[in-house]
Amino acid sequence: MNAITDKPQSCVEEMHELALRDFSLNLAMTELKIFQERQKWRDECKITAYFQSTPEKAAFSRLMYVAARVNHLYTISEISTELSISRQTVSKVVQDCCAEGWIVWEKVHGNSYKYKASEQLCQLIEAYADYSSDMFLEGSVHASEAFLGMLKKRKPDWHRKISERELQMAGGR
């Protein structure tokens, strides 16, 4: 065992563990703050209350947003498959959202329709993304995530022994 070549590995692994703990703590604190504010929004905003009422509706709103922004609309069957939600549930959500103007539809042929988010829903999701970005910048989430990511990128090197030649080139001998 060579103390010079074995020590960096254990130090890097310990740094990774501490960086993960730091990131987890910062992420949890930020998500708690967002959750607390989201509760207030539900009381103040009908569209937020609807889409935050279940995880399926939240995912549906994101899929409709993607559909609108990349101009790839979805049928009820495609939504059902993509989100692993029953066609019956998707049909009810689509009906509710069309009635409110939160999603829009295009007739493709016969009685077949495809759906995407309305501009109102798109703007709401983008406002939430902007808010989330601000929340993450207020704390240390981005910094701790960046440090953790840098360590993870180096992970393949952790278990590689430093060769004698590398030590000589680094001035170690």
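Which helices each supply at least two residues of the lining of the largest pocket? The answer is α1 (3–44), α2 (46–51), α3 and α6 (119–138).

1. Basis. This is a predicted model, in which local features need pLDDT of at least 70, side-chain atom pairs count only at pLDDT 80 or more, and totals for chains, interfaces and linings use all residues. Residues are numbered from 1 along each chain as its sequence is written, and side-chain values use heavy atoms, with hydrogens and water left out.

2. The largest pocket. Its volume is about 250 Å³. Of the 16 lining residues, Trp 41, Thr 48, Gln 52, Leu 124 and Tyr 128 are the closest to the centre. Helix α6 gives the most to this lining, with six residues. Helices here are DSSP runs (H or I, at least four residues), numbered from the N terminus. A pocket is an open set of points on a 1 Å grid over the protein atoms alone, with protein on both sides within 12 Å along at least five of seven lines; lining residues have an atom within 4 Å of a point. A volume is the space filled by probe spheres set on the points, which are joined across faces, edges and corners.

3. The lining has ten nonpolar, three polar and three charged residues. Ala, Val, Leu, Ile, Met, Phe, Trp, Tyr, Cys and Pro count as nonpolar; Asp, Glu, Lys and Arg count as charged; the others, Gly among them, count as polar.

4. The cavity. The count is one cavity of 30 Å³ or more. A cavity is a set of grid points where a 1.4 Å probe fits but cannot get out. The largest cavity holds about 40 Å³ of space. Glu 56, Lys 57, Phe 60, Ile 85, Thr 89, Val 90 and Val 93 line the largest cavity. By class, the lining has four nonpolar, one polar and two charged.

5. The nonpolar patch. Met 15, Phe 147 and Met 150 make a nonpolar surface patch of about 260 Å². Such a patch joins nonpolar side chains (Val, Leu, Ile, Met, Phe, Trp, Tyr) within 5 Å, from residues with over 30% relative accessible area and no salt bridge. A salt bridge is a side-chain nitrogen of Lys or Arg within 4 Å of a carboxyl oxygen of Asp or Glu. Accessible areas come from the Shrake-Rupley method with a 1.4 Å probe; for residues, only the protein chains shown count as cover.

6. Met 15 lies in helix α1, and Met 150 lies in helix α7 (residues 141–158). Met 15 counts as partly exposed because its relative accessibility is 38%. Met 150 is partly exposed too, at 40%. Partly exposed lies between buried (under 20% relative accessible area) and exposed (over 50%). Met 150 and His 16 are 134 residues apart in sequence and 9.5 Å apart in space, C-alpha to C-alpha.

Definitions and conventions. Patches are made of residues with over 30% relative accessible area and no salt bridge: like charges are joined within 9 Å, nonpolar side chains (Val, Leu, Ile, Met, Phe, Trp, Tyr) within 5 Å. Buried means under 20% relative accessible area, exposed over 50%, partly exposed in between (1.4 Å probe, protein chains only).
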